[in-house]
Amino acid sequence: MQRRLAESEEQYRSLVETSRFGVIITHIMGIIYANQASLTILGIKSLDPVKSLLLSELVTQDSKKYLSILFDKTVEKDQSVSGFQVIRPDGTIRTLEIRSSPISVKGEICIQNSFFDVIKRKELENAISLTNKKLNLISNLIRHDVLNKLSALDISFDLLRDQSS
């Protein structure tokens with residue numbers, strides 16, 4: 001039983017450490033764990049400065065007001081999904097989608113936050129939106145041009161009809 005528990009813990013640790021998603025475990029006192037992907041996403045070089053940080057110190061002012069709501073919602077509903085903006089040490093702001101769920105660490109209720117940077121998705125959404133606007137403009141221009149030609153043909157048919165009568 002102990003061996004299986006140790007294997008399970010090692011599999012979990014390996015999964016979290018090699019994940020492309022950021023994983024941070026937070027306690028009311030701050031961040032108690034951060035995997036390498038989270039450090040990369042947050043633009044932080046090592047784990048040491050993270051351990052002394054509160055999650056609220058990493059997010060923008062607008063996102064701070066949602067942190068306590070996120071904590072309460074996560075504990076009550078067992079999981080929540082939110083969007084947050086974080087400020088990296090270089091000053092860049094990144095939008096993250098965070099999935100949070102409560103876990104127990106040494107008998108204490110903590111929150112496991114897994115997240116990813118949605119900037120690429122936002123860039124693609126903006127590109128798709130711009131392309132759709134361009135396609136609508138082209139469609140409107142073509143429709144307008146076709147309607148003008150049809151109107152000219154209609155007038156020509158009316159003139160031909162009048163001349164033949």
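1. Helices here are DSSP runs of H or I with at least four residues, numbered from the N terminus. In this predicted model, helix α5 covers residues 119-164, and Leu 150 lies in it.

2. Leu 150 has a relative accessible area of 48% and is therefore classed as partly exposed, since that class falls between the buried limit of 20% and the exposed limit of 50%. Leu 150 also belongs to a nonpolar surface patch of about 760 Å².

3. The largest nonpolar core consists of 17 residues, and Leu 42, Leu 96 and Phe 115 have the most contacts inside it. At least two residues of this core come from each of β2 (30-34), α2 (36-42), α4 (61-77), β3 (80-87) and β4 (93-105). Helix α2 provides the largest share, three residues.

4. Apart from neighbours within four places in sequence, the contacts of Leu 96 include Ile 41, Leu 42, Phe 84, Val 86 and Phe 115. Ser 82, Gly 83, Phe 116, Asp 117 and Val 118 are also in contact with Leu 96.

5. Asn 113 is a residue of strand β5, which spans residues 108-117. Is Asn 113 buried or exposed? Its relative accessible area is 3%, so Asn 113 is buried.

6. The side chain of Asn 113 forms a polar contact with the side chain of Thr 26, at 3.3 Å. Beyond four places in sequence, Asn 113 touches Thr 26 together with Gly 22, Val 23, Ile 24, Leu 70, Ile 98, Arg 99 and Ser 100.

Terms used
Residues numbered from 1 in each chain as written. Predicted model: local features only at pLDDT ≥ 70, side-chain atom pairs only at ≥ 80, totals over all residues. Heavy atoms only, no water. Buried < 20%, exposed > 50% of the residue type's maximum accessible area, 1.4 Å probe, protein only. Polar contact = N/O pair within 3.5 Å; in protein donor to acceptor, adjacent residues only side chain to side chain. Contact = heavy atoms within 4.5 Å. Core = buried A, V, L, I, M, F, W, Y, C linked by side-chain atoms within 4.5 Å. Patch = residues over 30% accessible without salt bridge, like charges linked within 9 Å, V, L, I, M, F, W, Y side chains within 5 Å. Areas by Shrake-Rupley, 256 points an atom, 1.4 Å probe, with all protein chains shown as cover. Salt bridge = Lys/Arg side-chain N within 4 Å of Asp/Glu carboxyl O.
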